There are 2 protein chains.
Amino acid sequence: MMSETKTESIAELMDGLGKAARRAAGELAECALDVRNRALSAAAAAIRRRSGDILQANDKDMAAARERGISAAMLDRLLLNDERIEAIAVGLETVVDLPDPLGRVLAEWERPNGLRIQRVSVPLGVIGIIYESRPNVTADAAALCLKSGNAVILRGGSESFHSSRAIHRCLIEGLEAAGIDAAAVQMVPTTDRAAVGYLLSSMRGALDVVVPRGGKSLIQRVQDEARVPVIGHLEGICHVYLHETADTEMAKEIAVNAKLRRTGICGAAETLLVDRRAAERLLPPVCSALLERGCEVRGDETTCALVEGCIPASEDDWSTEYLDSIISVRVVDDVDAAAEHIRRYGSGHTESIVAEDVAAVDRFFARVDSAILLHNASTQFADGGEFGMGAEIGIATDRIHARGPVGAEQLTSYKYLIRGSGQTRP
Amino acid sequence: MMSETKTESIAELMDGLGKAARRAAGELAECALDVRNRALSAAAAAIRRRSGDILQANDKDMAAARERGISAAMLDRLLLNDERIEAIAVGLETVVDLPDPLGRVLAEWERPNGLRIQRVSVPLGVIGIIYESRPNVTADAAALCLKSGNAVILRGGSESFHSSRAIHRCLIEGLEAAGIDAAAVQMVPTTDRAAVGYLLSSMRGALDVVVPRGGKSLIQRVQDEARVPVIGHLEGICHVYLHETADTEMAKEIAVNAKLRRTGICGAAETLLVDRRAAERLLPPVCSALLERGCEVRGDETTCALVEGCIPASEDDWSTEYLDSIISVRVVDDVDAAAEHIRRYGSGHTESIVAEDVAAVDRFFARVDSAILLHNASTQFADGGEFGMGAEIGIATDRIHARGPVGAEQLTSYKYLIRGSGQTRP
């Protein structure tokens with residue numbers, strides 16, 4: 001695609017995408033729900049119909065990745081197969097089923113002077129998505145943007161370039177079937193990293209927000225370079241705190257699930273905090289269950305004394321996102337000490353308290369300020385799908401605009417509609 | 001204040017403010033409503049009690065400003081008198097009367113697995129406010145931040161330094177009376193412009209958001225330099241559109257009020273758009289009313305032909321925020337043409353349609369994407385107080401986080417509280 005246009009500068013290219021996106025966003029904002037949904041359904045059909053093309057494109061990416069000696073984990077993220085392609089199509093259809101995020105009356109009231117005020121949801125406008133190797137993000141992110149009436153500029157990782165392009169083609173088919181401007185979903189047609197720099201630093205006005213989705217180094221780059229608003233997704237150093245009133249069996253099940261169900265997601269627990277008064281009762285069975293399942297346990301002194309097979313934790317462990325079968329374990333004095341530990345070492349993502357005492361739960365909920373707090377449930381529920389949002393672009397840990405799972409509803413802004421009968425201001 | 005600490009670097013100074021603010025924010029987030037309100041009431045009392053000190057400090061600022069040959073308009077913004085000081089105290093009390101923006105359950109639902117999810121409002125955290133010469137902003141901004149549980153770092157204009165400091169002292173008295181950490185409301189204790197640069201570029205993590213409040217050059221600086229999230233307040237190029245079904249008398253009253261009630265506020269109308277089919281009926285009386293009140297009228301060809309005393313408008317007029325007794329007037333074909341003009345030249349702030357035809361109003365509301373749209377009412381209602389928000393820090397024209405008037409409610413974020421009974425994720 002880009003081979004013919006190498007002479008064109010990145011700036012020209014990106015400004016062109018920006019202009020087309022803004023034009024498409026204007027149309028999309030007025031697009032009825034059934035038209036947006038029709039595009040999504042048609043895209044799902046195209047994904048199924050063109051699965052052969054998508055697999056072929058993916059083969060190309062996989063071969064190049066293997067040649068470059070990419071890690072097994074990354075190869076797995078990159079890989080598409082029939083099952084995963086079907087999941088992409090189903091994902092699009094899930095978004096069709098979501099309620100319309102646009103035109104919701106978020107608040108309304110009347111003023112003493114008779115003015116009737118409504119706050120009504122509208123699209124954000126143009127969204128930039130920067131992501132890494134998972135090609136399914138191309139469809140997931142575009143679907144949420146489209147559902148919420150936003151034009152989107154997608155910039156996927158270079159490893160998944162061909163796979164993403166094949167999926168993008170299906171999305172365009174969907175737009176065309178619904179009569180929507182194809183510029184509603186654009187993909188940056190080059191793997192040149194300068195395009196990301198330009199998108200972050202020079203497209204203020206063209207982009208209303210950028211959503212990065214990827215690992216720490218991507219997020220860091222976005223935060224360093226962005227001159228456009230960002231909906232931020234930091235790392236997830238999530239905690240499970242076992243209160244002295246925790247049920248032993250439940251504590252074990254939640255700790256094992258929170259840590260080990262999937263270790264590579266941001267909602268996976270990294271640290272277990274245990275009340276001193278219940279350490280003897282809880283630590284041996286909980287840690288044994290983790291160790292039995294192949295999890296490395298790095299504990300403080302008390303933990304190491306109580307748990308056979310425990311390795312001593314260092315100060316660094318408390319602020320490490322392992323994303324692996326490793327957990328750090330610390331004994332704390334009470335809810336306040338747990339909250340203090342989380343404030344100091346956590347990333348404001350997701351924490352869970354296991355307790356039977358409601359007062360302790362309330363105190364934990366009040367004192368810990370993370371995007372998601374759970375009582376007697378696994379941190380792995382930190383997921384837009386599990387929240388019933390249908391899908392998500394990620395979990396925001398910044399406090400501006402959206403916090404927690406970012407779904408279609410979070411990709412909206414609002415405007416005020418005020419109806420009067422000739423009022424002037426005294 | 002700063003004279004003794006000149007050797008301390010700006011970075012050390014600002015980092016110190018940031019750390020103290022973060023600590024105070026942690027306490028404030030758990031502060032009950034009556035404690036926050038007590039601080040505001042006590043601050044209002046201190047403002048009244050110390051009005052002599054405040055006036056003396058203001059004299060100092062006024063003398064220095066006169067010496068520097070500052071404009072009459074700026075001197076007026078800087079001036080405090082008994083009436084204005086009373087208004088500051090009343091402003092604080094108005095914020096006391098607002099409902100608690102914290103702890104609101106914004107949404108709640110239950111999942112099929114039994115998890116009960118609540119989205120609950122919480123403070124943003126630490127807010128930086130950069131403003132210009134009006135000393136009352138010191139109290140207004142601090143009050144909204146305090147009400148919404150946020151710590152604030154205030155950086156006022158150097159012209160109002162002494163006045164702001166005197167007001168700040170009263171705010172501290174209020175905090176002390178309520179037993180709240182004085183670092184909840186801090187003022188940058190130096191007029192060194194480097195402090196603004198540091199605040200914008202190097203306090204990511206320390207500040208959750210910066211709210212600039214001032215003229216175009218301040219906003220420009222903030223947008224250019226900010227590495228922290230900004231709630232943006234751009235210029236207000238507001239339009240009044242007279243539909244062909246507009247009532248003549250109402251059109252006249254709204255146009256005059258929108259333009260002339262106060263010309264220096266961002267909600268003042270700058271451009272009048274008039275339907276071609278009603279130009280002959282509407283333009284002569286509406287423009288005469290404006291001209292009679294000393295307003296300069298700059299019109300397109302049709303307007304100039306219909307209105308005696310009209311000056312030809314140039315292309316630049318359509319994108320100029322006069323903030324003065326000048327209005328540009330253009331004849332358009334219909335609602336769509338009006339919307340197109342606004343899209344092209346407007347700033348997304350506030351627009352009003354005067355019309356009797358409801359379908360035209362609906363179309364205008366759908367096609368124009370500004371923060372505030374009014375039907376048969378003056379654009380000068382674009383104000384937090386007029387919305388019933390009690391007060392505002394400004395009108396946001398960006399689309400992220402808050403749009404329109406930014407009051408106490410808009411200075412909040414949220415977190416999710418999820419209650420389970422032992423759920424693990426399959």
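Chain A of this predicted model is divided into domain 1, which covers residues 2–234 together with 402–418, and domain 2, which covers residues 238–386. The centres of these two domains of chain A, taken over C-alpha atoms, are separated by 35 Å. Chain A also touches chain B, in a contact that takes 53 residues from chain A and 54 residues from chain B.

**Between the domains of chain A**

- Where domain 1 of chain A meets domain 2 of chain A, 5 residues of domain 1 are in contact with 5 residues of domain 2.
- On the domain 1 side of this contact in chain A, the residues comprise 2 nonpolar, 2 polar and 1 charged.

- On the side of chain B that touches chain A, at least two residues each are supplied by β2 (116–123), α10 (248–260), α14 (358–367), β13 (372–377) and β16 (412–423) of chain B.
- The largest share of that side of chain B, 11 residues, comes from β16(B).
- Sorted by class, the residues of the side of chain B that touches chain A are 24 nonpolar, 16 polar and 14 charged.
- Strand β16 of chain A, residues 412–423, pairs with β13(B) in the parallel sense over 5 bridges, and A:I418 has B:L374 in β13(B) as its bridge partner.

**Helix α8 of chain A**

- Helix α8 of chain A, which spans residues 194–202, has as its buried residues A:A195, A:V196, A:Y198, A:L199 and A:L200.

Key
Residues are numbered from 1 along each chain as its sequence is written. Chains are lettered from A and ligands numbered from 1 in the order in which they are written. This is a predicted model: local features need pLDDT of at least 70, side-chain atom pairs count only at pLDDT 80 or more; totals for chains, interfaces and linings use all residues. A residue is buried if 20 or more other C-beta atoms lie within 10 Å of its own, exposed if 12 or fewer, and partly exposed in between; C-beta atoms are placed from the backbone. Helices (H or I, at least four residues) and strands (E, at least two) are DSSP runs, numbered from the N terminus. Two residues are in contact if their C-beta atoms, placed from the backbone, lie within 7 Å. Ala, Val, Leu, Ile, Met, Phe, Trp, Tyr, Cys and Pro count as nonpolar, Asp, Glu, Lys and Arg as charged, and the others, Gly among them, as polar. Two strands pair if DSSP finds at least two bridges between them. Domain bounds come from an automatic or database domain assignment.
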